[in-house]
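Please find below a colleague's note on the model under review. The structure is shown first, and the comments come after.

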Amino acid sequence: FRAVLQIHKNQFVRAQSCIDNARDMLDTELTAMVGESYNRAYNAMVNVQMLSELEEVIQYKLVSERRKAIKSAWWNRLQGCQANVEEWHRILQVHSLVLTPQEDMKTWLKYASLCRKSGQLGLSQQTLVTLLEADPYLNQDKPIPSTYPMVTFAFMKHMWKSGQRQEAFKHLQYFVRTTLLPQVLPLGDLDDESEKKRNETISLLAKCHMKLGEWMTITEGVKGVNSNTIPHILQYHATATKYADKSYKV
């Protein structure tokens with residue numbers, strides 16, 4: 001806590017001293033825990049990781065050339081962490097000392113997904129509203145903002161999980177039709193950045209169509225899938241396959 005305050009004040013030497021003191025205390029604690037319980041030792045290791053990342057926060061502030069590598073390292077470390085909402089949140093609070101949620105969107109989207117899958121829908125909604133920079137529930141008669149398409153898609157999955165299945169399905173149909181499809185129409189020669197963005201949109205289109213097929217199967221399964229709905233379900237999955245023919249998930 002003291003280290004964080006010193007970092008906020010840009011007092012990096014004092015912050016490093018606080019980190020070193022905390023690490024010395026953790027070293028003794030961790031040595032005792034290793035022989036007792038994996039879970040207790042794991043929690044201590046998370047604290048050790050957070051101290052290391054506080055040091056990297058200082059480097060991030062001081063050495064701009066290292067920022068990309070540090071950000072990549074943070075993402076890779078999180079992939080090795082347990083799927084625990086509280087621990088992810090603690091680590092993300094460290095990252096937020098130098099990164100806004102929009103600057104670290106992939107990580108925060110993963111956190112929102114973790115919240116959703118663990119049933120913590122309030123945290124999921126709060127995170128997605130922060131990423132969207134708007135609360136769709138305050139304007140339910142309007143389309144969900146699509147400035148950040150991956151966040152828009154995540155919000156619809158949140159709606160579905162929250163029980164708003166019909167609304168989520170309609171929003172996803174509209175999102176695909178009005179936002180994603182126009183972005184992948186042939187536009188002639190594209191520069192590298194535009195081509196990368198187009199490929200990301202195509203990948204998202206595949207995920208959206210797969211989700212539409214999945215949701216329609218679930219919705220119609222309750223009422224009974226029939227000859228009218230089967231072609232639509234098959235078409236959604238066929239379109240998903242077209243957009244991501246090399247993906248094992250589609």
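The numbered points below go from the overall fold to individual residues.

1. This is a predicted model, in which local features need pLDDT of at least 70, side-chain atom pairs count only at pLDDT 80 or more, and totals for chains, interfaces and linings use all residues. Residues are numbered from 1 along each chain as its sequence is written, and side-chain values use heavy atoms, with hydrogens and water left out.

2. The protein contains eleven helices and zero strands, helices being DSSP runs of H or I with at least four residues and strands runs of E with at least two, numbered from the N terminus. Its C-alpha trace spans about 70 × 45 × 40 Å along the principal axes.

3. Of the 250 residues, 39% are buried; buried means under 20% relative accessible area, exposed over 50%, and partly exposed in between (1.4 Å probe, protein chains only).

4. Aspartate 104 sits in the loop between helix 5 (85-95) and helix 6 (105-117). Aspartate 104 is buried but has no salt bridge, and lysine 71, the nearest side chain of opposite charge, is 4.9 Å away. A salt bridge requires a side-chain nitrogen of Lys or Arg within 4 Å of a carboxyl oxygen of Asp or Glu. Beyond neighbours within four places in sequence, aspartate 104 is in contact (heavy atoms within 4.5 Å) with Lys71, Leu92, His95 and Leu99.

5. Threonine 229 lies in the loop between helix 10 and helix 11 (230-243). Threonine 229 counts as buried because its relative accessibility is 10%. Neighbours within four places in sequence aside, threonine 229 is in contact with Met216 and Glu220.

Key. Lys and Arg count as positive and Asp and Glu as negative; His and the chain ends are not counted.
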